[in-house]
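Hi,

Here's the structure I promised to pass on. Have a look at it first, and my notes on what I found follow below.

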Amino acid sequence: MSPHSVLEHVFGYRSFRGEQETIVSHVAGGGDALVLMPTGGGKSLCYQIPALLRDGCGVVVSPLIALMQDQVDALKELGVAAAYLNSSLNQDEARDVENAFISGQLKMLYVAPERLVTPRFMALLKRAHIGLFAIDEAHCVSQWGHDFRPEYLALSLLADEFPGIPRIALTATADHATRTEMIERLRLEGAQKFVSSFDRPNLRYAMVEKKNARDQLLTFIRREHEGDSGIVYCLSRKKVEDTAAWLRSKEINALPYHAGLDVSLRSRNQQIFIRNEGVVMVATIAFGMGIDKPDVRFVAHLDLPKSIENYYQETGRAGRDGLPANTWLAYGLQDLILLNSMIDNSGSPDMQKLVERRKLDAMLGLVEATACRRQTLLGYFGEESQPCGNCDNCINPPKLVEMTEAARKALSCIFRTGNRFGVGHLVDILQGKATPKVKEHFHDRITTFGIGKDVDESGWRAVFRQLLARGAVRLNESGHGGLELTDAARPLLKGETSLFLRERTEKFNYKGEKGSE
Ligand code: ADP
Ligand code: ZN
C-alpha cells in the first residue's frame, strides 16, 4: 500500500496537507523525524499512516488521556486495531491490551509516558514487534516548555534500547530554547526536522489599550462582526458570566462557558455555538480544546493570555475555514499585575515560576510591539518573515513619541520611594496628589512629588508598561504589584538611551470617560 492509498482508503481524505506526505514517507521508510506543526495542522496522520504502512505495532506516547481515548475511538471506527494503556483502565483491561500487543494483534498502541518507561513495560516492549515510536507533545521534555513533565526525560532510553526503530517526535509549540532541549533530551540529533509555518495568513491581529474594555469590545463586535460567530476569552468565571449577560443586554447573542457551570448547561451552550451561526461564546480558556468550528469569525481577549503559546492557540480557533477572521485583544497594566501575582501565589516550584514569568514577559513584548504583530509572533516561534500588511501595526503604524524624560521621572520616583510601591501610588506622587497614603509615607516631601503633572494618568500607565516591557522595571516579590528597578534602568537614568512610546489613540475613549483598567 502507498501512503496515498492509506490516506484515501483508511482515513477517507483525498490529499495530504502541507508536509504530511514527505513526513509520512520519511518515517515509513525508517527515518527519525522531528515535526513542528501548529495545532490543527494534521500531526496525527504523520505517525498513524507510517504505523499502518510498517510491520509491527506503532507505539504512541501521549500525555493527554482524553485525547488518547478520542484517537483510539476514531481509529477503531476506521477499522484500525488500536488500543490505549493508561490509568483509566483496570488491571484486567490493561492485561488484555498487553496480551493483544505482544501477540501482534494491534497496529497502534497509545501509552502514557509514565507507564512506558517502567521496567515492566520495557520488558513487554522487548517482546513485542514494534513498527515505530511516536512521541506526541514532545515539548513536555523541555524545562522551557510550558508543561514540563519529568517522566518524558526517560524517553531518551528509546534511542538506546531500540536503535533500529524509527522515532517521530511531534509538537505544536516550541520556541528556540525548547526546540534545542527537545532534540538533545530525546536524542534526536540525527532526526530530520520538519518545521511547518505557524503563519495563519487569514487572521488579522489587533491589540488595543484597555480603557473601558467592555464598551471597546461591543464597538468591535458591532462595527466588524454583527451576526458573526466568535469567542470572547476572559480570565475569571465571574467575568465570563458578567460579560455574557452584559452582551445579551446589548442584543448580542452571547452565551457563557466555563468549568464551573453545570455539565449539562456547558455542553448545551457548546452545542448551540457549534450548530448555529452568530453565537458569541464568552469563555475561560477551558473552552476550545477539540472545538473544530470552521467559521469562527473572531476571537477576542478581554484579559491578557499568560503566554504567546496560549495566545496563538486561542486566536488560532478563528478562521479555520481559511476565510478572513479577526483577533482582538484589550490589554492593561492590571492584567500584568494580576497574572504576575497568580504566578507568585501558584505554589509552583521556583524553576516553573521563572519559566512562567519569561513567557509572560514575551507576551508583554508582543503587546507593546511597535513592529508588525505577525512578524513578532512568528519570530517567537523561530520563523522569519516580512511585515504582513494585515495587522494593526502594519495598517496603522503607531506614531512614536519620545518619552525619555517621563521615563526618567518614573524611574526616579520608584527609586526614591524604595522600590516597593505600585503604579497607582507612583502616579499620584508624580502628579502631585497628596492622598492619605502619600501623606502617610511623607511622599509629598520627596523631590519627585508633582514633577509629572504634564502627563495624564493613562499616559503614566503607558510609561510604566513600556518600562516593564523593556525590562527596566519589574514587579517585585511582594505579589502586590510593587515595582522595582533593574539593571536595565541604568542607561535610561543616565541618559544613554531614549524611550519611545506609541502615541496613544483616543479612538476608544468614549464620551470623555475616564479610562478604567
Ligand atoms: P494536530 O494534532 O496537528 O492538532 P490533527 O491531527 O488532530 O491535528 O488534525 C486536525 C484535523 O485535520 C483533524 O480533524 C484531521 O482529521 C484533519 N486532517 C488532517 N490531515 C488531513 C488531510 N490531509 N485532509 C483532510 N483533513 C485532514
Ligand atoms: Zn503586520
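Helices (H or I, at least four residues) and strands (E, at least two) are DSSP runs, numbered from the N terminus.

Some housekeeping before going on. This is a predicted model, so local features need pLDDT of at least 70 and side-chain atom pairs count only at pLDDT 80 or more, while totals for chains, interfaces and linings use all residues. Residues are numbered from 1 along each chain as its sequence is written, and chains are lettered from A and ligands numbered from 1 in the order in which they are written.

**The seven-stranded sheet**

β5 belongs to an open sheet of seven strands in the order β3-β4-β2-β5-β6-β1-β7, with parallel pairing. Two strands pair here if DSSP finds at least two bridges between them. At the edges are β3 (82-85) and β7, each pairing on one side only. From one strand to the next, the twist averages 20 degrees; axes are lines fitted to C-alpha atoms (for helices over the stretch in contact), and angles run from 0 to 180 degrees between N-to-C directions.

On one side, β5 is joined to the parallel strand β2 (residues 57-61) by five bridges. G58 has L132 of β5 as its bridge partner, and V61 stands opposite I135. Three bridges link β5 to β6 (residues 167-171), again running parallel, and in β6 the partner of I135 is A169.

Helix α5 (residues 91-102) packs on this sheet and touches β2, β3 and β4 (108-111), with its direction at about 130 degrees to that of β3. Contact means that the C-beta atoms of two residues, placed from the backbone, lie within 7 Å.

Helix α2 (residues 20-28) has Q20, I23, V24, H26, V27 and A28 buried. The cover over those residues includes α1 (3-9), β1 (33-36), α3, β5, β6 and β7 (192-195). Just after α2, G30 takes a positive phi of about 105 degrees.

**The ligand**

How many residues surround ligand 1? There are 13, and the closest are Y13, R17, G42, K43 and S44. A residue counts as near if its C-beta atom, placed from the backbone, lies within 6 Å of the molecule. Helix α3 (residues 43-53) gives the most to this shell, with three residues. By class, the shell has four nonpolar, six polar and three charged residues.

**The six-stranded sheet**

A further open sheet has six strands in the order β8-β13-β12-β9-β11-β10, with parallel pairing. β8 (203-209) and β10 (254-257) are at its edges with a single partner strand each, so one side of each has no neighbour in the sheet. The twist averages 15 degrees from one strand to the next. Four bridges join β9 (residues 230-233) to β12 (residues 298-301), which run parallel, and Y233 stands opposite H301. Helix α10 (residues 213-224) lies across β8, β9, β12 and β13 (325-331), at about 165 degrees to β13.

**Cores**

The largest nonpolar core has 86 residues, of which M281, V282, A410 and V463 touch the most other members. A second, separate core of 59 residues includes A28, V35, C57 and V111. A core is a set of buried Ala, Val, Leu, Ile, Met, Phe, Trp, Tyr and Cys residues joined through C-beta atoms within 7 Å.

R187, in the loop between α9 (176-185) and β7, has a phi near 55 degrees, a positive value in a residue other than glycine. R187 counts as partly exposed, with 16 C-beta neighbours inside 10 Å. F442 also has a positive phi, about 55 degrees, and lies in the loop between α20 (436-440) and α21 (457-469). With 10 C-beta neighbours inside 10 Å, F442 counts as exposed.

Cheers

Key. Nonpolar A, V, L, I, M, F, W, Y, C, P; charged D, E, K, R; others polar. Buried ≥ 20, exposed ≤ 12 C-beta atoms within 10 Å, placed from the backbone.
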